[in-house]
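Colleague: Could you take me through this model? I would like to ask a few things as we look at it together.

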Protein chains: 2
Amino acid sequence: MTTAAPAPRRTRIQQEKRELILEAALEVFSMHGFRGSTIDQIAEAAGMSKPNLLYYFRSKEDMHKTLMQRLLQTWLAPLRDFDNVGDPLTELRGYIRRKLEMARDYPRESRLFANEILQGAPRIMPMLEGELKDLVDEKAEVIKGWMRDGKIARTDPWHLIFSIWATTQHYADFDVQVRAVLGPDRGSEGRFEDAARFLEQLFLDGLRPRTNS
Amino acid sequence: MTTAAPAPRRTRIQQEKRELILEAALEVFSMHGFRGSTIDQIAEAAGMSKPNLLYYFRSKEDMHKTLMQRLLQTWLAPLRDFDNVGDPLTELRGYIRRKLEMARDYPRESRLFANEILQGAPRIMPMLEGELKDLVDEKAEVIKGWMRDGKIARTDPWHLIFSIWATTQHYADFDVQVRAVLGPDRGSEGRFEDAARFLEQLFLDGLRPRTNS
DNA sequence: GAAAAATTTGACCGGATGGACAAACGTTAG
DNA sequence: CTAACGTTTGTCCATCCGGTCAAATTTTTC
């Protein structure tokens, strides 16, 4: 494991301004991707001049890297919490719900991540092959245990996890498409409630008709 | 409906070169997004000089627009075919399978589309709110009919469609992540076979345990 | 309140990028 | 052969963009 850089001493102003910049950078990066974003855009969104921004972050890359590291910490938290102590179906439902809440409450983070992956994950590939793979493998084992115990249907745990990621993050990443198709009738709250209900049913009950067969 | 531009007369060479360029543009755009791609990159990928490329396409925007229009025709084909003539579950399975095949065989098209949506669909929003919404609404009615007839479980047809899109396109859009997590053991063919099996089970049988409850 | 340190900004630089243009090159019809 | 047309390229331009720098301004420290 690479040792983390020694935490630089920062003044109060530095702390605040760096937060302000990261907030603005998240907004811009998540919308336009790394190459599609300009330092000027971020500086304007943060309400400061470009050189001033560059006083707090050495480079555009530096901002993106910092955002990414921070993102990955919170992004994997729900999966980490995924434990084999409780009832499997409850545990699964909780995970789906939390991932969906994250898509609702942190859509920019989701899109930032999606942008990075879409473009080949040039900056986070090692993390995917290391930390992420290890975590998923570990949780796949937990799920396999449930299957062995007959608690849930036998299937591929990895693809189960992928499908939960895909369906929940879809509501953040493809938000404009979802909104365009559903029309303006259903507000944001309603949309996510419907989605939660649907996904719960899909993953927990399935689409098999109840009445026959 | 806006009338299509009158088809310009083109020489054989123009036909061929335009195809060559679009192929290269798809490669580049799907990887780096619109703003992240340069005409030079596309020109090099197409094996010609930048001015030569610009002889066949007036601008970068022009290439992207052409690609997008072409993409949307083929992209919605599986959904259009989705009919209420056959057995609902068979119809659904067929749709899932075809979408997954498209993710496998046309990942660049999928990523091109994902890039566009991620960035707010600036160039195709009208199509989403018009053509796409109408088509989805129509198919949602078909699905609702199946539910009324007790052929499949009652649930939200729109979110069902979203979840099929999300899960299948995930294997194209998040391909690097999927590969990183699964490791090199499972080749491309195996991955998609596993995915097909899993998605079929998820959508058709559900995750409810068979043995008890 | 003055020195020192931290912050902010205008001006600037070099390279990349989208695109224009005219000249050169090829190809073909008569 | 040659005029006309289609194709290709070298050169050029204006703008954008990431980043630097020195000077100005503000804040902190003593």
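Modeller: Happy to; here are some notes on conventions, followed by your questions.

Modeller: This is a predicted model, where local features need pLDDT of at least 70, side-chain atom pairs count only at pLDDT 80 or more, and totals for chains, interfaces and linings use all residues. Residues are numbered from 1 along each chain as its sequence is written, while chains are lettered from A and ligands numbered from 1 in the order in which they are written.

Colleague: Which helix supplies the largest share of the side of chain A that touches chain B?

Modeller: Contact here takes C-beta atoms, placed from the backbone, within 7 Å, and 56 residues of chain A are in contact with 57 residues of chain B. Helices are DSSP runs of H or I with at least four residues, numbered from the N terminus; H1 (12-36), H7 (107-118), H8 (125-148), H9 (157-173), H10 (175-182) and H11 (188-205) of chain A each supply at least two residues of that side. The largest share, 9 residues, comes from H9(A).

Colleague: Which residues come nearest to DNA strand C?

Modeller: A residue is near a strand if its C-beta atom, placed from the backbone, lies within 6 Å of it. H1 and H3 (50-56) of chain A, along with H2 (39-46), H3 (50-56) and H4 (60-75) of chain B, each supply at least two residues of the surface near DNA strand C. Of the 18 residues around DNA strand C, those that come nearest are Ile13(A), Pro51(A), Thr38(B), Pro51(B) and Ser59(B).

Colleague: Is Ala121(A) buried or exposed?

Modeller: Ala121(A) lies in the loop between H7 and H8 of chain A, and its phi is positive, near 55°, though it is not a glycine. A residue is buried if 20 or more other C-beta atoms, placed from the backbone, lie within 10 Å of its own, exposed if 12 or fewer, and partly exposed in between. Ala121(A) has 20 other C-beta atoms within 10 Å, so it is buried.

Colleague: How are H1(A) and H2(A) oriented to each other?

Modeller: H1(A) and H2(A) (residues 39-46) pack with their axes 8 Å apart, at an angle of about 125°; axes are lines fitted to C-alpha atoms over the stretch in contact, and angles run from 0 to 180 degrees between N-to-C directions. Angles under 35 degrees count as roughly parallel, over 145 as roughly antiparallel, 65 to 115 as roughly perpendicular and the rest as oblique. H1(A) and H2(A) are therefore oblique.

Definitions and conventions
Contact = placed C-beta atoms within 7 Å.
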